[in-house]
Amino acid sequence: MQDSISAPSQSPLLSVRDLTVRFQGSDLPAVNQVSFELQPGQTLAIVGESGSGKSVTCLAMMGLIPQPPGEIASGEILFRGRDSDKAVNLLNLSTADLRCYRGSQMGMIFQEPMTALNPVHSCGAQIIEAIRTHEDVSETAARRRALSLLREVKLLSSDETLAETYRASWNGKTPPTSSELHRIVRSHKQTLLRRYPHELSGGQLQRMMIAMALSCNPTLLIADEPTTALDVTVQATILKQLRELRDRRDMAMVFISHDLGVVAEVADYIAVMYRGNMVEYGPAYSIFHRPQHPYTKGLLACRPQLKQEFKLLPTVADFMDEESVEGQMPVITEKPIDLAKFRSDPVDTAGPSLPVTEPAPQPQLLLKVQDLQVSYPVKGPLGRVSQRIKAVDGVTFDIRAGETLGLVGESGCGKSTLARALLRLIPPTGGQVLFDGQDMAQLSDSKMRRLRRDMQIIFQDPNSALDPRMNVGAAIAEPLKIHKMPKQQGSYRPQVAQLLQRVDIPADAMARYPHEFSGGQRQRICIARALALNPKFIICDESVSALDVSVQAQVLNLLKDLQADLGLTYLFISHDLSVVKFMSDRMIVMNQGRIEEMGDAAEIYGNPQRDYTKKLIASIPQVETYLEAG
């Protein structure tokens, strides 16, 4: 186990002792005898894969476990609260008493703000409601505090800054008066409060959630995967703000994540959970420098690293042997592993000279994109088009057969729009796309339909990509039916079985439905469906962004193996430059619809030429940076 942790001089704000949570229908507990403590001003990170018990632990703290089907089988959750020397066991409180703590002294930021916020109420109204629910204040006072919170999370500038910004951009002949500036600033602030969730970006929504969680000045903030699937630059901003808010308010924080790279940015202490059990607990420095449990070592190793070259990524399974024990937690032993076998072989520059040979012929040009443009109309009064927004603005590149071209950039830069335009799922407004020598704009619908057999896409969210009413066998067979592919033995079942086995899912799973699989398995099913028509070219559109790092490693390795076996060509889209670097031969960096930088993936990382690329690289949380600093 970890180095012993010296007892703190002051009483802990939160003390969880032997917490056990069970759910009906499961033999093993979702959380099994978990214990930890947290001081004011400290951050405890709870790390583990989906299903490890991280979120259930925190939901139990907040009293949000539905009972039934859940049950708090044993344990204590002692919370000292604000201005109190005596801790109260939250598990013994009634629902009414628990409300005095939940929201007012214990705030929570949920993983998905679009589902946590009410779409029919403005964001401002929801923050004001949170304040007035716990405090007897007027709506005007609550509105003032809401605006103050939006400034604190940097969604809103100060009145002086707003006035100065407007004065600097003023184009009129007569400068605005002080009263005019005051009216404009007030209108700007009220407009922000009146916005609805769908009118904000992912990063803005997460900041709204943080503002709501902080609305009653809690002493404990629980952040449940608050940066998952956000751009690396937005993620870096959110993490920085959470650290600043914690330090400024002397607030304790529980930070849930599956990514140890993210955890390295915020954590003082780390608890590693696996199948409901806390397998490792200690100071962040000790966990990163001297991990003891094989599961922790696997989590540290399976994330793509910018400073090392890997042929394939290690996975958690490479570090652990499990011996199943009926009705109990499996016995885990460490598996000896040689990480050198995963790394790319170094180039021997000092080896013997070789005879000069003709250079190998370049692979065939599969896709050529010339000055591609996609724009969207913006309608003004009376429904007239007042302007057009350029989502893709004059993009030119090519991809050769068997190559992986990475495409990286922030949300809104035009990556997904470009992908859909390449497949002619949306019409380009200019430029040319040649696939296998054919100008796609000139193809009839019937010829385009035949061409689609060679072009497939794997979407980011497998939940949305799979029909919940269709079993996975039918979902994979659907493209075969649509394109009238020949059957084997009068059925598509043999082809479906082969496709499932190719992505490491048993053939007898074809009768099951999407909800019966994990996130990583659902993404594998989407890959199997993309392979059904034996395509030449596959677009991976953020296809691993929302997966656990260990599952992400498995899917990335699978994509590389399939490429080697089938000669596939990929356009790999991501906002994570470390993942793109691992997968890609060449890379494009995209910003505001244009190409910022293009070239060899390793060279762009090692010697970025543009400030935007440097900012993306600097924003990526890396465990190596923590180790170097330590």
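Lys297 is found in helix α12; helices are DSSP runs of H or I with at least four residues, strands are DSSP runs of E with at least two, and both are numbered from the N terminus. This is a predicted model, in which local features need pLDDT of at least 70, side-chain atom pairs count only at pLDDT 80 or more, and totals for chains, interfaces and linings use all residues. Residues are numbered from 1 along each chain as its sequence is written, and side-chain values use heavy atoms, with hydrogens and water left out. The chain has 23 helices and 22 strands. Buried residues make up 50% of its 630 residues; buried means under 20% relative accessible area, exposed over 50%, and partly exposed in between, with a 1.4 Å probe and protein chains only.

**Confidence and overall contacts**

- The chain averages a pLDDT of 83, and 87% of the residues score at least 70. pLDDT is the predictor's confidence in each residue, from 0 to 100.
- Over residues 1-8, pLDDT stays under 50, and the model has 17 contacts beyond four places in sequence for them. Contact means heavy atoms within 4.5 Å.
- Over residues 346-354, pLDDT also stays under 50. For this stretch the model has zero contacts beyond four places in sequence.
- Among contacts in the chain with a separation of 6 or more, 69% come from residues 24 or more positions apart.

**The open sheet**

- Six strands form an open sheet in the order β6-β7-β8-β3-β9-β10, with mixed pairing. Its edge strands are β6 (106-109) and β10 (277-283), each of which pairs on one side only. On average, neighbouring strands of this sheet are turned by 15 degrees against each other, direction ignored.
- Two strands pair if DSSP finds at least two bridges between them. Strands of a sheet pair through backbone hydrogen bonds, either parallel or antiparallel.
- β6 and β7 (residues 220-224) pair in the parallel sense over four bridges. Met108 stands opposite Ile222 in β7, and Ile109 stands opposite Ala223.
- β7 and β8 run parallel and are joined by five bridges. Leu220 stands opposite Ala252 in β8.
- Five of the five residues of β7 are buried, so β7 is largely enclosed by the rest of the structure. Leu220, Ile222 and Asp224 cover one side, with Leu221 and Ala223 on the other, and all are buried.

**Helices across the sheet**

- Helix α9 (residues 232-249) lies across β3 (43-47), β6, β7 and β8 (252-257). α9 runs at about 160 degrees to β8.
- Axes are lines fitted to C-alpha atoms, for helices over the stretch in contact, and angles run from 0 to 180 degrees between N-to-C directions.
- α12 lies across β3, β9 (269-274) and β10. α12 runs at about 105 degrees to β9.

**Helix α12 and Lys297**

- α12 (residues 294-301) is mostly covered, with seven of its eight residues buried. The buried residues are Pro294, Tyr295, Thr296, Gly298, Leu299, Leu300 and Ala301.
- Lys297 is partly exposed, with a relative accessible area of 25%.
- Not counting residues up to four places away in sequence, Lys297 touches Pro291, Gln292, Phe319 and Glu334.
- Lys297 and Thr315 are 18 residues apart along the chain, and their C-alpha atoms are separated by 9.8 Å.

**Asp541 and its surroundings**

- Asp541 lies in strand β19 (residues 537-541). Asp541 is buried, with a relative accessible area of 4%.
- The side chain of Asp541 makes a polar contact with the side chain of Arg420 (3.1 Å). A polar contact is a pair of N or O atoms within 3.5 Å; within protein, one must be able to donate a hydrogen and the other to accept it, and residues adjacent in sequence count only if both atoms are side-chain atoms.
- Leaving aside its neighbours within four places in sequence, Asp541 is in contact with Ser416, Arg420, Ile457, Ile458, Phe459, Gln460 and Ile573.

**Cysteines**

- The count of disulfides comes to zero; a disulfide is a pair of cysteine sulfur atoms within 2.5 Å.
- Cys302 counts as buried, at 0% relative accessibility. Cys413 is buried, with a relative accessible area of 3%.
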